[in-house]
Amino acid sequence: MRIHILGICGTFMAGIALIARSLGHKVTGSDKNVYPPMSTLLEKEHIKIIEGYDPSQLDPAPDLVIIGNAMSRGNPCVEYILNNNIPYISAPQWLHDNVLKDRWVIAVAGTHGKTTTAGMVNWILEQANYQQGFMIGGVPGNFEVSARLGEGNFFVIEADEYDSAFFDKRSKFMHYCPKTLILNNLEYDHADIFDDLVSIQKQFHHLVRLVPSKGLIISPQDDVNLKQVLAKGCWSEQIQTESATGWDAKKLSNDASNFSVILDGTVVGEVKYQLVGEHNMHNTLMAIAAARNVGIPIEDACKALATFNNAKRRLELYGQVDSVQLYDDFAHHPTAILATLEALRSKVGANRRILAVLEPRSNTMKLGVCKDEIAPSLGRADEVFIYQPEQLPWLVSDVVDECIQPAYWSSDLDLLVEMITKNIKSNDVILVMSNGGFGGIHQKIIDKLIKDKEKKTQ
């Protein structure tokens with residue numbers, strides 16, 4: 001078939017393009033923001049990308065159009081498709097119909113940690129030579145692509161609760177029909193499409209309903225919101241982690257980069273890897289449990305994780321100037337901000353200062369739903385710097401006023417860089433947090449530090 005994809009440069013949509021091409025289809029696509037890394041990844045695979053949504057790209061008409069969830073009514077291509085009766089489908093539906101319906105799907109759902117946990121499961125299966133397919137929202141550290149068709153029976157997928165398309169408002173994960181399901185955690189997020197926590201829980205319970213009775217659901221024992229979901233009805237086998245009578249972990253190092261895996265009160269393995277933080281330790285426990293469910297011994301899973309590289313922007317060391325380090329992280333929700341800061345604190349120790357730099361960019365942040373939780377989530381930082389984006393309808397100065405440590409804000413990115421670098425001391429650690437590019441602030445800070453260093457040596 002000749003397939004055209006609208007919104008092709010999103011991580012998920014680019015993955016769909018790669019898989020469609022692997023199935024032998026001729027694939028083209030368009031997007032309004034064509035930029036690396038997805039644009040270069042697609043070009044490398046000889047997939048033509050058109051800038052913008054001029055309807056001329058649909059003449060002659062393709063056999064099928066896969067429409068991304070960023071597309072809405074009023075988009076010129078969407079209107080042309082509807083007016084000319086061109087066949088169309090959502091990306092999750094296409095994935096189910098053409099790939100997932102014949103596979104053992106291992107899905108990772110939850111508010112936080114999906115990409116990391118799915119990446120770990122994927123790497124464990126890779127090391128066991130399962131030849132699995134995968135679709136992960138971010139390029140996994142051990143791979144060059146975000147998605148692969150695979151040759152084996154298994155498929156690992158990051159199961160997102162965001163809606164499928166303008167014509168299908170169900171969560172994307174409703175199309176995945178997993179046999180092994182990890183439910184990492186559950187909080188109120190995506191305030192642009194969900195009215196409240198209850199409406200998200202409803203979607204998660206719809207997902208639970210899809211897991212077969214011979215399937216497995218893995219969840220943490222202490223997540224009240226997930227407990228409420230499962231209490232609505234569960235027809236599958238269940239495993240709980242962080243449980244004295246089930247799966248648990250015990251730290252062997254302060255930063256949780258080394259820990260024992262415990263099952264039914266007995267130590268059954270040990271993990272030593274590059275990741276840090278207790279949140280990652282708990283994610284790892286779930287990944288090992290999921291791998292065991294598909295036949296991989298615990299010992300083999302632990303061994304595989306020793307060579308696991310996380311996806312980009314997960315507490316990634318971006319750069320260093322002398323003794324000053326700059327880390328980049330995708331955190332954009334108070335819970336994730338707190339977990340990331342705690343992980344970094346455990347990594348660098350109590351004696352190094354951490355300067356937290358935050359861009360409130362996600363739709364939930366923009367709506368101010370979790371505004372009151374931001375200052376407490378930044379508590380482990382020694383100094384705080386917050387950017388005021390133009391489109392943010394509330395003032396970040398309100399958060400700054402609530403911070404217990406020295407805190408600053410600016411609506412001018414260059415001025416914010418100036419404020420950060422002016423406050424830098426030897427051996428400091430800078431943590432930049434945003435779910436977007438943050439106007440290239442990472443490199444701006446590094447460049448300014450280098451420039452200041454050169455001035456001092458002149």
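Analyst: The following account begins with the open sheet and then turns to a pocket, a hairpin and the nonpolar cores. The model is a predicted one.

The open sheet is built from six strands, and their order across it is β18-β19-β23-β20-β21-β22. The pairing within this sheet is mixed. Its edges are formed by β18, residues 316-321, and by β22, residues 407-410. Each of these two edge strands has a pairing on one side only. On average, neighbouring strands of the sheet are turned by 20 degrees against each other, with direction ignored.

Strand β18 runs antiparallel to β19, which covers residues 324-329, and five bridges join the two. Gln-320 has Gln-325 of β19 as its bridge partner. As a general point, side chains in a regular strand alternate between the two faces of the sheet.

Two residue numbers from this region return in the description of the second largest pocket. Asp-322 and Val-324 are among the residues that lie nearest the centre of that pocket, together with Ile-424, Leu-449 and Lys-456. In total, 13 residues line the pocket, and its volume is about 290 Å³. Two elements give two or more residues to the lining, namely α14 (413-422) and α15 (441-457). Of the elements, α15 gives the most, with four residues.

A further antiparallel pairing concerns strands β10 and β11. Strand β10 spans residues 163-165 and strand β11 spans residues 168-171, and two bridges connect them. Ala-165 stands opposite Asp-168 of β11. The two strands form a hairpin, with two residues between them.

The nonpolar cores complete the picture. The largest has 51 residues, and those that touch the most other members are Ile-66, Trp-94, Leu-95 and Leu-183. Helix α1, residues 11-22, gives the most to this core, with eight residues. In soluble globular proteins, nonpolar side chains tend to be buried together.

Technical notes: Residues numbered from 1 in each chain as written. Predicted model: local features only at pLDDT ≥ 70, side-chain atom pairs only at ≥ 80, totals over all residues. Heavy atoms only, no water. Pairing = 2+ DSSP bridges. Axes fitted to C-alpha atoms, helices over the stretch in contact; angles between N-to-C directions. Core = buried A, V, L, I, M, F, W, Y, C linked by side-chain atoms within 4.5 Å. Buried < 20%, exposed > 50% of the residue type's maximum accessible area, 1.4 Å probe, protein only. 1 Å grid on protein atoms, 1.4 Å probe; cavity = no way out; pocket = protein on both sides within 12 Å on 5 of 7 lines; lining within 4 Å. Points joined across faces, edges and corners; volume = space filled by probe spheres on them.
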